[in-house]
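Here is a short briefing on one protein chain. Look over the sequence and the structure first, then read the points below.

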Amino acid sequence: MTDTNKTVAQLRALVQLTQTEIQIAQVRVVQARTEAVRRELQQNAQNAQDRSEALVEMLRDLGGVPDVLTPTFGRLTALVKSAVEQLEPLDEALLQDLALEHQLADRARYLKALATSAELPKVVKLADRLVTAHTATVEWLTTVLAEEALGGPAALQATPLQRVAGGATRVLNLPARYATQTVNRTVDNLQQGGEETRSRLSSAADKASTFTDAVRESLTVGRNASLQRAEKIARREGSRDTAETLHETRRDLGALTVAELPIKKYDTLNISESVKAVKELDQIEDVRSILTYEEAHANRSSVVSAAQTRVAELAKQVVGIS
C-alpha cells in the first residue's frame, strides 16, 4: 500500500510539473527563430498535453483522484515564471527550463522504480515514455544554450525585455565591450530616423572610448557603409579589438560583402548548391556569416533552415551530444 501511495504522489507531482512544462512550451513558441522551430515547439506543447492526460488517466486507474488544483497550480507556476524571467537574460530563462526538464526526467525514473517494486507494468511503461521525452528535451535545451553560448543564432530568440536584461548583465560584467556593442547595435536603429534614435546613438558612442572621432562620425550615415568604413579606420589605426567588434556587428547584421563570406561566389549558387556548401562549414562563425547574409538578402527558407541545422550540429559537438 505504501508503494502505491508513493506512486500516486509522484504521478500527482508529475501532472503539476507537466502543466508547467506545457505553458512554458507555449510561451517559447513566440520566441522561435524560424517557422520550423515554431512548429516543433507547438508539437512539443501538444506532446506534453498528451503526457499530462496519460498521467491523469493513470492516477484514476490507481484510484487516485486527479484534483483540480494541481494542474491549475502548475499553470500558475508557469505564468509566474514567464513574467519573472522577462527580467532575466535568455540564457538564465533557458537554464531554468533545463532544470525543470531534469526534474521531470528524474521523477519519471523514480516513478519507474516505484512501479517496478509495486509490480505496476502500465506505470512502468508510462515512466519509460516520460524518461524518453524529457531526455530528448534536455538535449534540445542543452543544444540551444550551446548555440547561444557560441554566439548563435540560437533556435530561440530573446524577447525585447530579455534583450534588455541581457544587456544589463553584460554592462555589469564587461562594461567596455558592452559599450562598444551598444554603439554597433544602435547603428541599425539610425536608419529609422528620429531624434530619439540619434540621441541614443550619441549617448552610446560617448561610452565607447575605443572609438575614434572619425569612426563616431561615420556611424551617422548609411549603416552598412559606415560600419565597413569604421572597421577599415579601426584596422588602419591598429585598434584590433574595435575592428573585430565592428566586423562581428557587420556579420550579425548580414552586412558583409560577398567577397568576405566563407563560401566563395556565394551569390552565384542556387538553393541546392548553397545548402550543400553550408553543410560543409565546420566553424560556427562561418555558418553565422552565411545565415545572417542569407536572411538579409535572398532569405531562402531552405538555406536558412540548413544553416540553422548546421549551427545546432556544431553546438551539439561542443557539448558532447551525439
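Buried residues account for 46% of the 322 residues in the chain. The model is predicted. The chain holds 14 helices and 0 strands.

**Overall build**
- Read along the sequence, the pattern is α-α-α-α-α-α-α-α-α-α-α-α-α-α.
- Take the contacts between residues at least 6 apart in sequence: 70% of them join residues at least 24 apart.
- The accessible surface of the chain is about 16,600 Å². Carbon and sulfur atoms contribute 53% of that surface.

**Nonpolar cores**
- The largest nonpolar core has 23 residues.
- Leu11, Leu14, Leu55, Leu111, Val123, Leu126 and Leu130 have the most contacts inside this core.
- Which helices each supply at least two residues of this core? They include helix 1 (2-29) and helix 2 (35-61). Helix 4 (90-117) and helix 5 (121-149) also each supply at least two.
- Leu130 is in contact with Leu14, Arg51, Leu55, Ala108 and Leu111, leaving aside its neighbours within four places in sequence.
- Another core, of 20 residues, lies apart from the largest one. Among its residues are Ile263, Leu281, Val304 and Ala306.

- Helix 12 spans residues 271-279. Its buried residues include Ser274, Val275, Ala277 and Val278.
- Why do these residues sit on the same side of helix 12? They cover an arc of only 165° around the axis, so they share one side of the helix.
- Ser272, Lys276 and Lys279 are exposed, on the other side of helix 12.
- What covers the buried residues of helix 12? The cover includes helix 13 (284-296) and helix 14.

**Val318 in helix 14**
- Helix 14 covers residues 301-319, and Val318 lies in it.
- Is Val318 buried or exposed? Val318 has a relative accessible area of 55%. The cut-off for exposed is over 50%, so Val318 counts as exposed.
- Val318 and Glu147 are 171 residues apart in sequence. In space, Val318 and Glu147 are 9.4 Å apart, C-alpha to C-alpha.

**To recap**
- The chain has 14 helices and 0 strands.
- The largest nonpolar core has 23 residues, and another core, apart from it, has 20 residues.
- Helix 12 has buried residues such as Val275 and, on the other side, exposed residues such as Lys276.

Methods
Residues are numbered from 1 along each chain as its sequence is written. This is a predicted model: local features need pLDDT of at least 70, side-chain atom pairs count only at pLDDT 80 or more; totals for chains, interfaces and linings use all residues. Side-chain values use heavy atoms; hydrogens and water are left out. Helices (H or I, at least four residues) and strands (E, at least two) are DSSP runs, numbered from the N terminus. Buried means under 20% relative accessible area, exposed over 50%, partly exposed in between (1.4 Å probe, protein chains only). Contact means heavy atoms within 4.5 Å. Accessible areas come from the Shrake-Rupley method with a 1.4 Å probe; for residues, only the protein chains shown count as cover. A nonpolar core is a set of buried Ala, Val, Leu, Ile, Met, Phe, Trp, Tyr and Cys residues joined through side-chain atoms within 4.5 Å. The arc is that of the directions from the helix axis to the C-beta atoms.
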